[in-house]
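Here is the note that I promised on this model, arranged as numbered points for checking against the coordinates. Please read each point beside the structure shown next.

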Amino acid sequence: MVFELTKEQLMIQKMAREFARKDLALYAADRDRTHEFPAESLKKMGELGFMGMLVPEKYDGGNFGAVAYSLALTEIAYACASTSVVMSVHNSICCGSMEKFGNESQKEEFLKPMASGKMIGAFALTEPEAGSDPQAMTCKAIKDGDHYIINGTKRFISTGKNSGVVILLARTQEKGSKGISAFLITHDLPGFEVGRIEDKMGQCASDTTDLLFNDCRVPAERLLGREGEGFAIAMSGLDDGRIGIASMSLGIAMAALDESVKYSKQRKQFGRNISEFQGMRWMIADMAMEVEAARLMTLNAAAVKESGKKCTKEASMAKCYASEVANRVTAQAVQIHGGYGYIKEYPVERFYRDARITTIYEGTNQIQRVIIANEVLKDKKKSR
Ligand SMILES: Cc1cc2nc3c(=O)[nH]c(=O)nc-3n(C[C@H](O)[C@H](O)[C@H](O)COP(=O)(O)OP(=O)(O)OC[C@H]3O[C@@H](n4cnc5c(N)ncnc54)[C@H](O)[C@@H]3O)c2cc1C
């Protein structure tokens with residue numbers, strides 16, 4: 001199969017590459033050190049159309065399709081993984097869920113400013129005692145007239161502090177996946193506050209926070225979709241989100257490979273460039289092969305989504321594979337740089353740390369394998 005990109009997809013890829021390498025790349029190392037949220041860059045990304053890539057024009061989005069979105073996100077991650085996680089959660093999960101499940105007035109109030117990057121979205125599913133098993137969540141939303149009263153704690157929420165709107169999953173019934181509902185939460189609601197901000201290994205310019213709900217009164221019109229539809233909203237958002245994480249992983253791996261090629265052609269030992277040693281050449285060949293395979297799986301998942309078909313299996317496969325490639329390739333990049341790879345002055349040190357989370361969030365790779373196995377076994381039954 002040959003992947004022929006359209007003129008428009010190539011143009012978006014080029015635009016994202018130029019922006020990322022001129023703007024994001026300049027600040028990525030500093031922001032990693034200072035943990036400064038990339039607000040200014042995200043504003044520019046909104047103006048360039050990167051914050052509403054899958055949103056229809058009617059709601060001020062670009063409607064560029066999942067393939068163009070994946071290409072752009074890969075370029076952003078190549079330069080700054082922290083910025084790419086904000087872009088991924090915002091576009092894939094938040095705008096996507098709002099577009100599929102929101103009513104017209106919610107789309108006017110939230111989706112339009114989100115699509116232009118004026119309001120950034122976050123997605124709050126995980127809790128202290130409910131990670132891989134989201135049905136164990138205990139955050140409650142009890143109906144009280146024309147409001148819901150929300151109590152509970154959400155953990156590890158990307159852009160928890162710097163978001164304008166949070167899609168919150170909470171229990172409207174004691175048990176079961178049908179007892180979970182989704183709500184649109186803004187920071188002005190009484191009883192809602194941002195809790196501790198995590199000090200992380202990587203992707204340090206993106207904030208990861210607790211969200212605390214203490215008798216938080218949420219107007220009933222902030223319910224996203226129907227009551228009890230929250231779990232379905234979350235699972236559908238995560239299918240799309242995993243294409244985002246695959247694209248991010250690919251971008252980090254590509255950057256690590258490029259830095260390794262460059263370094264190996266400059267560094268001399270035993271009177272020769274280290275790129276002339278077979279041990280180095282084979283490592284670079286393996287890295288390039290894995291990056292290429294990750295690229296094809298990621299683009300395939302995006303193309304399946306763009307065709308309108310269910311992409312659960314392809315998205316999980318791409319996320320699982322590309323994130324493991326990102327971890328292997330960044331580790332090899334550090335090795336190729338020798339001692340310098342361990343020093344912050346060289347970008348591969350950051351790539352190695354930034355890649356580590358990709359096998360964990362939006363479903364650990366153990367959970368991806370559970371999903372893939374379920375889908376494959378379902379397919380086999382159908383084909384008999
Ligand atoms: C930086 C960062 C950003 C994040 N952003 C968000 C966000 O924006 N929104 C959000 O809702 N969440 C977010 N998360 C949470 C993330 O999705 C969870 O951490 C992840 O799903 C794993 O949950 P857990 O940490 O509770 O681990 P656990 O579920 O406790 O898992 C611990 C280990 O057990 C394994 N395990 C669990 N169940 C099984 C099983 N059935 N079979 C095999 N192995 C299993 C896991 O794979 C893992 O290795 C973020 C996390 C981090 C660190």
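This is a predicted model: local features need pLDDT of at least 70, side-chain atom pairs count only at pLDDT 80 or more; totals for chains, interfaces and linings use all residues.

1. Residues are numbered from 1 along each chain as its sequence is written, and side-chain values use heavy atoms, with hydrogens and water left out.

2. Helices (H or I, at least four residues) and strands (E, at least two) are DSSP runs numbered from the N terminus, and two strands are said to pair if DSSP finds at least two bridges between them. Strand E2 (residues 140-144) and E3 run antiparallel and are joined by five bridges, with Lys143 having Tyr148 in E3 as its bridge partner. Two residues lie between the strands of this hairpin, where Gly145 takes a positive phi near 65°.

3. E3 also pairs with strand E7 (residues 208-219), in the antiparallel sense and over nine bridges. Within this pairing, the bridge partner of Lys154 is Leu211, and Ile150 stands opposite Cys216. E7 is in turn joined to strand E6 (residues 192-197) by four bridges, again running antiparallel, and here Ile197 stands opposite Thr209.

4. Why is strand E3 (residues 147-158) described as largely enclosed by the rest of the structure? Nine of its twelve residues are buried, where buried means under 20% relative accessible area, exposed means over 50%, and partly exposed is in between (1.4 Å probe, protein chains only).

5. Cavities and pockets are found on a 1 Å grid over the protein atoms alone: a cavity is a set of points where a 1.4 Å probe fits but cannot get out, a pocket is an open set with protein on both sides within 12 Å along at least five of seven lines, and lining residues have an atom within 4 Å of a point. Grid points are joined across faces, edges and corners, and a volume is the space filled by probe spheres set on the points.

6. The largest pocket has a volume of about 1200 Å³. Its lining is made up of 42 residues, and Thr126, Ile360, Tyr361, Glu362 and Gly363 are those that lie nearest its centre. The elements giving two or more residues to this lining are helix H4 (81-101), E3, helix H6 (230-266), helix H9 (347-356) and helix H10 (365-383), and H6 provides the largest share, with seven residues. By class, the lining residues of this pocket are 19 nonpolar, 13 polar and ten charged, where Ala, Val, Leu, Ile, Met, Phe, Trp, Tyr, Cys and Pro count as nonpolar, Asp, Glu, Lys and Arg as charged, and the others, Gly among them, as polar.

7. Under the cavity rule, the count comes to one cavity of 30 Å³ or more, and the largest cavity holds about 40 Å³ of space. Its lining includes Ala77, Tyr78, Ile252, Arg350 and Asp354, and the elements that give two or more residues to it are helix H3 (66-79), H6 and H9. The lining of the largest cavity divides into eight nonpolar residues, no polar ones and two charged ones.

8. His90, which lies in helix H4, counts as buried because its relative accessible area is 0%. Its side chain reaches the backbone nitrogen of Gly121 at 3.0 Å. Residues up to four places away in sequence aside, His90 touches Met51, Cys95, Met114, Met119, Ile120 and Gly121, contact meaning heavy atoms within 4.5 Å.

9. The loop between helix H2 (39-47) and H3 holds Leu54, which counts as partly exposed at 21% relative accessibility. Neighbours within four places in sequence aside, Leu54 is in contact with Asn63, Gly65, Ala66, Tyr69, Asn91 and Lys305. The C-alpha atoms of Leu54 and Ala303 are separated by 13 Å, although these residues are 249 residues apart along the chain.

10. Two backbone angles deserve a check. Asp60, found in the loop between H2 and H3, has a positive phi of about 70° although it is not a glycine, and counts as partly exposed at 45% relative accessibility. Phe270, in the loop between strand E9 (268-269) and strand E10 (272-273), likewise has a positive phi, near 55°, in a residue other than glycine, and counts as exposed at 80% relative accessibility.

Conventions:
A polar contact is a pair of N or O atoms within 3.5 Å; within protein, one must be able to donate a hydrogen and the other to accept it, and residues adjacent in sequence count only if both atoms are side-chain atoms.
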